[in-house]
Amino acid sequence: MIANHRGIGMTSMRTRERMIKRLKDEGIENKAVLDVFRNTPRHIFVDEALASRAYEDTALPIGHSQTISQPYIVARMTEVLLGEQGEDLPRKVLEVGTGSGYQSAILAQLVEQVYTTERIRALLLQAQNRFFDLGLRNIKHRHSDGSWGWPENAPYDAIMVTASPNEIPQALLEQLKIGGRLVIPVGDYAEQRLMLVTRTASGYEEKVLDRVRFVSLLGGKQ
Ligand code: SAH
């Protein structure tokens, strides 16, 4: 449980409560997800100059031409990753695209262990400081091209990708457990779809979800 970041004015609990109401109106139902959103200070994941806009339902720039995703999309992807009621909750999750660290911080409060990879070192360093400040100790991070996953800790119960490739990277499929779920936006900038891929004993099942817009999944590190 995160303490000591209650915020004032535009970052107050009242402002956050409005965000929760909006998420519910937009169809987010998982109570655990809503509670974690309520308790996670999104304003510390953006530049101070943008803090007053942190609880609007919008993506915001985080530097290096990247963005922190819109709260609704973070909530939606988290809900899909956790699965339906009655399904096993994922315990070990890989995230590709740490960015601001907001999505990792949300996941870390819902699952046992989060592994997150980011290709831009400067962003990863900032995210790492935020995890430390918030007392989130169950996030392991790595500066790498996450298209290759993080094989040393595989297999994962679930994988979430927060940048969009044209095609699903094979390595990510291979690093899923049987029964495991991959949530990933796929397509070019003009046309992307959020997809849920489930690994079965005999192969993979794909389900196309919402139309989305993410930054591109890029190769290499910087
Ligand atoms: N989950 C993030 C979203 C950040 S945007 C958040 O909550 O803020 C997507 C991020 O993916 C960017 O920071 C970008 O640098 C990163 N990214 C893009 N391609 C990547 C790759 N191949 N490996 C790891 N990270 C990548």
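**Ligand shell and local backbone features**

In this predicted model, Pro-155 is found in the loop that runs between strand S5 (139-143) and strand S6 (156-161).

Phi of His-64 is near 55 degrees, a positive value in a residue other than glycine. Ser-65 lies in the loop between S1 and S2 as well, and its phi, near 60 degrees, is likewise positive in a residue that is not glycine. His-64 has a relative accessibility of 43% and therefore counts as partly exposed. Ser-65, by contrast, counts as exposed because its relative accessibility is 70%, where the cut-off for exposed is over 50%.

Strand S2 (66-68) is one of the elements that supply at least two residues of the shell around the ligand; strand S3 (92-96), helix H4 (102-108) and strand S4 (113-118) are the others listed. Among the contributors, S2 gives the most to this shell, with three residues. There are 27 residues around the ligand, and those that come nearest are Ser-100, Glu-118, Asp-145, Gly-146 and Leu-218. By residue class, the shell divides into 14 polar, nine nonpolar and four charged residues.

In the side chain of Glu-118, a polar atom lies 2.6 Å from an oxygen atom of the ligand. An N or O atom in the side chain of Ser-100 is 2.7 Å from an oxygen atom of the ligand. For Glu-95, the ligand atom concerned is a nitrogen, at 3.1 Å from an N or O atom of the side chain. On its own, the ligand has 580 Å² of accessible area, of which the protein covers 99%.

Met-19 has its place in helix H1 (residues 13-25). The relative accessibility of Met-19 is 0%, so this residue counts as buried, the cut-off for that class being under 20%. Leaving aside residues up to four places away in sequence, Met-19 touches Phe-37, Tyr-55, Pro-71 and Tyr-102. Met-19 and Glu-56 are separated by 37 residues in sequence, whereas their C-alpha atoms are 6.9 Å apart in space.

How values were computed
Residues are numbered from 1 along each chain as its sequence is written. This is a predicted model: local features need pLDDT of at least 70, side-chain atom pairs count only at pLDDT 80 or more; totals for chains, interfaces and linings use all residues. Side-chain values use heavy atoms; hydrogens and water are left out. A residue is near a molecule or strand if one of its heavy atoms lies within 4 Å of it. A polar contact is a pair of N or O atoms within 3.5 Å; within protein, one must be able to donate a hydrogen and the other to accept it, and residues adjacent in sequence count only if both atoms are side-chain atoms. Accessible areas come from the Shrake-Rupley method with a 1.4 Å probe; for residues, only the protein chains shown count as cover. Helices (H or I, at least four residues) and strands (E, at least two) are DSSP runs, numbered from the N terminus. Ala, Val, Leu, Ile, Met, Phe, Trp, Tyr, Cys and Pro count as nonpolar, Asp, Glu, Lys and Arg as charged, and the others, Gly among them, as polar. Buried means under 20% relative accessible area, exposed over 50%, partly exposed in between (1.4 Å probe, protein chains only). Contact means heavy atoms within 4.5 Å.
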